[in-house]
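How do you get from a value to a word?

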Amino acid sequence: MTDPKVWLVTGASSGLGRAIAEAALACGDTVVAVGRRAEALAELVSAHPGRVHAMAFDLTAASAAGCVEAAVARHGRVDVLVNSAGRALVGAVEETGDDDLRALMELHFFAPVALVRAVLPHMRGQGSGAIVQISSVGGQLSFPGVGAYSATKFALEGLSEALAAEVAPFGITVLIVEPGAFRTGLHRGDTMHHTAPMSAYDDIVGPVRAQQAAFDGTQPGDPAKAAAAIRTALAAGKPPLRLPLGNDAADAILDHLDSVRREAVEWEHLARSTDFDA
Ligand SMILES: NC(=O)c1ccc[n+]([C@@H]2O[C@H](COP(=O)([O-])OP(=O)(O)OC[C@H]3O[C@@H](n4cnc5c(N)ncnc54)[C@H](OP(=O)(O)O)[C@@H]3O)[C@@H](O)[C@H]2O)c1
């Protein structure tokens, strides 16, 4: 990759995207910063005159591709695409309507995929590039109340795993990041979305609603350290495909992988019983 690099970061107005953008700027790189709140993006522009290109819009698959073209027209290239824009949705699956599910899928899956498709011709032409997909612990495991959120992150991870193998021959790295609880705007009362609760799920999802809301301001994860860890992983000779971030993420994912393996071994005999008899 060239130095200085051009980063296209969605969700750059807040939280992890903002920290990733600030880390890139601190290293002398240029950032195309996408978010909805123009005033929050303007702070980045004024702090780093000439090195931040702010684009404030509601990110959808339809609006995504244009921003890659604008970035390339202005800066000639995109070296790193970071898909970080996102939001929380808490609710039981039965409580989650199609509109909520499709809107979250648009933001966490279809828009990132549209950005990936738009950026790949340029990265392939350059023979280099990195795509950072901000997933979640919830992209590898799930629990009551976060089924819809997890569905969007599982979708992103599934596609990204295949993508990584497809684009590696072109010198392009795909990094899936799985944060635990980081101190960002994600769990703020005004940004968190909830389904309309059904009383049948009070005991099952109720505690998760309360826990997620109580996260706000108390999360152990430091976004600046997440940004530094992502840079470290990208700079490695062989970056990982998946990068959990935070002690909570490391614990939950390692426990989950152990239990997936235990269950697969326990039921292996049945799995192996279904081929045609030779
Ligand atoms: N923080 C955590 O604990 C945690 C854990 C696991 C995964 N994550 C993931 O990390 C990513 C970043 O979230 P965060 O924690 O940094 O939360 P955040 O501080 O609330 O930031 C969310 C960002 O996404 C942008 N955004 C949301 N909806 C958008 C839309 N429709 N169009 C354009 N931009 C939109 C927001 O822009 P505006 O504010 O300008 O609207 C903001 O910049 C998300 O994908 C989230 O799922 C976070």
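The questions below take labels used for this predicted model and test each against its cut-off.

Q: Why is the pair of F109 and F110 called edge-to-face?
A: Start with the distance. The ring centres are 5.1 Å apart, and rings pair if their centres lie within 6.5 Å. Now the angle. The planes stand at 75°, and over 60 degrees counts as edge-to-face. So the pair is edge-to-face.

Q: How many aromatic pairs does a search of the whole structure find?
A: The search finds 1 aromatic pair.

Q: What makes F109 buried, while F110 is partly exposed?
A: Buried means under 20% relative accessible area, and exposed means over 50%. F109 has 14%, so F109 is buried. F110 has 42%, which lies in between, so F110 is partly exposed.

Q: How do you know that the charged end of R124 sits over the ring of F170?
A: The distance from the charged end of R124 to the centre of the F170 ring is 5.7 Å. The limit is 6 Å, with a second condition on direction: within 35 degrees of the ring normal. The charged end of R124 is reported as sitting over the ring.

Q: Why is the contact of E43 with R18 called a salt bridge?
A: The closest N and O atoms of E43 and R18 are 3.0 Å apart. A salt bridge needs them within 4 Å. The value meets the limit, so the name applies.

Q: What does the pair of E43 and R18 tie together?
A: E43 lies in helix α2 (residues 38-47), and R18 lies in helix α1 (residues 15-26). The pair therefore ties together parts that are 25 residues apart in sequence. At 47%, E43 counts as partly exposed. R18, at 15%, is buried.

Q: Why does R242 with E178 count as a salt bridge?
A: Their closest N and O atoms are 3.5 Å apart, and the limit is 4 Å. R242 lies in strand β9 (residues 242-245) and E178 in strand β7 (residues 172-179), so the pair ties together parts that are 64 residues apart in sequence. R242, at 28%, counts as partly exposed. E178 is buried, at 0%.

Q: Which residues are linked in a network with R242 and E178?
A: E157 and E161 are linked with them in a network of salt bridges. The structure holds 10 salt bridges.

Q: What makes one face of α2 the buried side?
A: In α2, the residues A40, L41 and L44 are buried. Seen down the helix axis, the buried residues of α2 fall within an arc of 100°, so they line one face.

Q: What covers the buried residues of α2, and which exposed residues does the face turned away carry?
A: The cover includes α1, β2 (30-35) and β3 (52-56). The face turned away from the buried side carries the exposed residues E39 and S46.

Q: Why is A47 called exposed, but A228 partly exposed?
A: A47 is found in helix α2. At 52%, A47 is over the 50% cut-off and so counts as exposed. A228 has its place in helix α7 (residues 223-235).

Q: Where does D58 lie, and what makes D58 exposed?
A: D58 lies in the loop between β3 and α3 (61-75). Its relative accessibility is 52%, so D58 counts as exposed. Leaving aside neighbours within four places in sequence, D58 is in contact with R36 and S63.

Conventions: Residues numbered from 1 in each chain as written. Predicted model: local features only at pLDDT ≥ 70, side-chain atom pairs only at ≥ 80, totals over all residues. Heavy atoms only, no water. Phe/Tyr/Trp six-rings, centres within 6.5 Å; stacked < 30°, edge-to-face > 60°. Buried < 20%, exposed > 50% of the residue type's maximum accessible area, 1.4 Å probe, protein only. Salt bridge = Lys/Arg side-chain N within 4 Å of Asp/Glu carboxyl O. Helix = DSSP H or I, 4+ residues; strand = E, 2+ residues; numbered from the N terminus. Arc of directions from axis to C-beta. Contact = heavy atoms within 4.5 Å.
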